[in-house]
Amino acid sequence: MAFQDNFLWGSASAAYQIEGGASLDGKGPSIWDTYSRIPGNTFKNTTGEVAIDFYHKFEEDIELMKEMGLNAYRFSVSWPRVMADGRTVNPKGVEFYHKVIDKLIEAGVEPILTVYHWDLPQALQDEYAGWESREIIKDFTAFCELLYKEYGNKVKYWVTLNEQNIFTGLGYVQKLHPPKVSDYQRFINANHIASLANASAIKLFRDMGIEGQVGPSFAYGPTYAKSEKPEDVIAMENAQEVENFLWMDVYAKGEYPRIGLKLLENLGIHVDFQPGDKALLKAGVCDFMGLNYYQSATFIDPQQKQDNVQAGNAAQVSVVSEVKDIPTDKLYARADNDYLKMTDWNWAIDPNGLRVSLRRITSRYGVPILISENGLGAFDTLTEDGKVHDDYRINFLKQHVEAIEAAIDDGCEVLGYCTWSFQDLFSWLNGYAKRYGFVYVDRDEENEKELKRYKKDSFYWYQKVIESNGKEL
Ligand code: BG6
């Protein structure tokens, strides 16, 4: 009886990955429109220009959600669709999300709205370098104000920033996302500004008296030590401070971790605190922690760094980072986990890691958790009779649902579970090769075809899970 009656059995997506309609009805360009059009930046130069055309097909997709019995859908609002230049309201864009939200509610699906899932208006990047300028705090807060005013009486769950650690890590360290640089100090600067913007958005939510809950989604995987060797344990703890607490403490406690900050200072990296910053962070703590869980990470004493960390075949089916040296290499090194199998994209498959994540977040912060993403990216095959037999996905999700059940039994408060994703969608660096959905979308990198939707075997499996509130797995 682990899952409470109002447990949200959901699924998630992001605007740029599904909508298409990149320049329709007054939408302005985002940094991803620009970035993906530059050859070499994405797998086979794929873009979200059309994506899976949710912009025109949202009714059909929401009908499928209704048929499945899905009771929550997490989607994001494209900032340049509702404010083409990042500031001027585009009524047609605003109207689009009203239609999506109304249709979801009519279908009995709780909307979970993500404010920012990486598609910054290009205009703001051009004007002041986006997340690297404090100017963005005001603009982001004004964007939030528009959304709260428009949708605040319809939407009860709000996710502010999606995976701040990932969009900044890939953008400012790994050179895999815009603005494609590798500079750790700039990465920390952009993060501090994004954290302030996040706090400002949450503060405004409360000031406006919006009824509902708000929090960011963080890409978290628990850190493991490669061995019981104390040096490995210190490496693991270093990674935990610098890769996890540095964000989650700010979100849930409104302050940076003391050790994490000092570890960075020892490397010559500083957070640029200005008067008023600390008070703002305190005023904008989250109601829940959004947890995007895909895998755990294992760490080893950097002196014992392995050269042969499993490569998998990811390089053939995605764009991978070529950045070699980063300042934190002195604190920890990544290692293989001999006990875990990997996906085709070399991600560790670790359902127990989800239980560990839920427990660690609960012990350190005591806040409720919304699992805002979890899923398996895999190659799928559409059979001639229009089926996809994705038993590997069912198996993956089943084990993760069992892990959540165990964590609830351990004492964690879990609001819901959003799988990634409902439909197959555009994967930032993997085109359409890496599929996550319950619904197969027939297109590939070269050919959009008719974008027909097919229900995979996992669609019917999740339908039963929802119907039985997690009893039938
Ligand atoms: C998360 C993002 O990092 O993981 C999603 O929030 C993304 O937008 C998902 O698609 C899966 O990543 P990938 O690279 O396999 O598509």
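**Pockets, cavities and a ligand site**

Let me start with the second largest pocket. By class, its lining has 6 nonpolar, 4 polar and 1 charged residues. Ala, Val, Leu, Ile, Met, Phe, Trp, Tyr, Cys and Pro count as nonpolar, Asp, Glu, Lys and Arg as charged, and the others, Gly among them, as polar. The volume of this pocket is about 190 Å³. Among its lining residues are Asp344, Phe379, Tyr392 and Phe396.

A word on the model. It is predicted, so local features need pLDDT of at least 70 and side-chain atom pairs pLDDT 80 or more, while totals for chains, interfaces and linings use all residues. Numbering runs from 1 along each chain as its sequence is written, and side-chain values use heavy atoms, with hydrogens and water left out.

We use a 1 Å grid over the protein atoms alone. A cavity is a set of points where a 1.4 Å probe fits but cannot get out. A pocket is an open set with protein on both sides within 12 Å along at least five of seven lines. Lining residues have an atom within 4 Å of a point. Points join across faces, edges and corners, and a volume is the space filled by probe spheres set on them.

On to the cavities. There are 5 of 30 Å³ or more. Helices (H or I, at least four residues) and strands (E, at least two) are DSSP runs, numbered from the N terminus.

Pro178 and Pro179 are joined by a cis peptide bond, with omega about 5 degrees. Pro179 sits in the loop between H8 and H9.

The second largest cavity holds about 60 Å³. Helix H9 (184–207) and helix H10 (230–253) each supply at least two lining residues. H9 gives the largest share, 4 residues. Here the classes are 4 nonpolar, 3 polar and no charged.

Next, the ligand. Which of the 15 residues around the ligand come nearest? They are Gln17, Glu163, Ser427, Lys434 and Tyr436. Near means a heavy atom within 4 Å. The shell has 6 nonpolar, 6 polar and 3 charged residues. Look at the ligand oxygens. One oxygen atom is 2.8 Å from a side-chain N or O atom of Glu373. For His117, the distance is 2.9 Å. For Asn430, it is 3.2 Å. Alone, the ligand exposes 380 Å², and the protein buries 91% of that. Areas come from the Shrake-Rupley method with a 1.4 Å probe.

Back to Trp118, for its ring. The structure holds 43 aromatic pairs. Rings of Phe, Tyr and Trp (its six-membered ring) pair if their centres lie within 6.5 Å; planes under 30 degrees apart are stacked, over 60 edge-to-face, the rest tilted. Trp118 and Trp428 make a tilted pair, 4.8 Å centre to centre, with 40 degrees between the planes. Trp118 is in the loop between strand S3 (110–116) and helix H6 (122–128), and Trp428 in the loop between strand S11 (414–420) and strand S12 (439–441), so the pair ties together parts 310 residues apart in sequence.

Last, backbone geometry. Ser421 lies in the loop between S11 and S12.

Terms used:
A polar contact is a pair of N or O atoms within 3.5 Å; within protein, one must be able to donate a hydrogen and the other to accept it, and residues adjacent in sequence count only if both atoms are side-chain atoms.
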